[in-house]
Amino acid sequence: MKVELNEKGLNERKLRNPLKISTILIAFAIVAMSSYVNFSAVYAKEKCDQCNGKGKVECWECQGQGKWKETCRTCNGKQTVKVPGKLTAQGCKSCGGTGKEKFECSSCNGKGKVTCSKCQGKGKI
Ligand SMILES: [Zn+2]
Ligand SMILES: [Zn+2]
Ligand SMILES: [Zn+2]
């Protein structure tokens with residue numbers, strides 16, 4: 001009788017333990033799964049490869065200069081203008097003698113950089 005009771009007690013314990021372990025396993029699986037989901041959600045937000053995570057890219061229209069140059073229309077790029085009545089040519093005042101006129105880039109408003117079209121300036125996708 002005594003042995004029988006012990007065996008019964010052992011069996012109960014044996015039955016109880018796997019139940020507890022499976023409960024822990026399920027709980028662990030849920031935690032593991034949710035953390036995996038969180039991890040994959042973080043991992044999915046990768047750095048934007050177009051702007052290298054900066055959110056801004058170099059303006060393609062002015063090559064990041066903010067301003068672009070065009071041949072001066074006053075001197076036609078010659079840097080000097082002929083003054084009527086004078087033999088010597090004068091330095092062009094329109095371009096300051098550079099032969100080029102500077103324009104502010106309309107695409108980037110002279111900043112040289114524009115908001116990344118791929119990530120809308122967030123830096124992450
Ligand atoms: Zn520009
Ligand atoms: Zn000029
Ligand atoms: Zn980007």
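Among contacts in the chain between residues at least 6 apart in sequence, what share joins residues at least 24 apart? I looked it up, and the figure is 65%.

**Confidence.** I'm working from a predicted model. The mean pLDDT of the chain is 81, and 66% of the residues reach 70 or more. I checked the elements too: S6 has the highest mean pLDDT, at 96, while H1 has the lowest, at 59.

**Layout.** I get one helix and six strands. Going from the N terminus, the order is α-β-β-β-β-β-β. Of the 125 residues in the chain, 10% are buried.

**Core.** Which residues form the largest nonpolar core? I find nine of them: Cys48, Cys51, Val57, Cys59, Cys62, Cys108, Val114, Cys116 and Cys119.

Cys51 sits in the loop between helix H1 (2–44) and strand S1 (56–58). Is Cys51 buried or exposed? Cys51 is buried, because 22 other C-beta atoms lie within 10 Å. Setting aside neighbours within four places in sequence, I list its contacts as Lys56, Val57, Cys116, Lys118, Cys119 and Gly123. The Gly123 pairing spans 72 residues in sequence, yet the C-alpha atoms of Cys51 and Gly123 are 6.8 Å apart.

Cys108 was next. With neighbours within four places in sequence left out, Cys108 is in contact with Cys59, Cys62, Gly66, Lys113 and Val114.

**The loop between S5 and S6.** I stopped at Ser106, which is in the loop between strand S5 (100–104) and strand S6 (113–115). Ser106 has 11 C-beta neighbours inside 10 Å, so I put it down as exposed.

Asn109 counts as exposed because it has 12 C-beta neighbours inside 10 Å.

**Another positive phi.** Gln79 is in the loop between strand S2 (67–71) and strand S3 (80–82). I noted a phi near 75 degrees for Gln79, a positive value in a residue other than glycine. With 16 C-beta neighbours inside 10 Å, Gln79 goes down as partly exposed.

Technical notes: Residues numbered from 1 in each chain as written. Chains lettered and ligands numbered in written order. Predicted model: local features only at pLDDT ≥ 70, side-chain atom pairs only at ≥ 80, totals over all residues. Core = buried A, V, L, I, M, F, W, Y, C linked by C-beta atoms within 7 Å. Buried ≥ 20, exposed ≤ 12 C-beta atoms within 10 Å, placed from the backbone. Contact = placed C-beta atoms within 7 Å. Helix = DSSP H or I, 4+ residues; strand = E, 2+ residues; numbered from the N terminus. pLDDT = per-residue confidence, 0-100.
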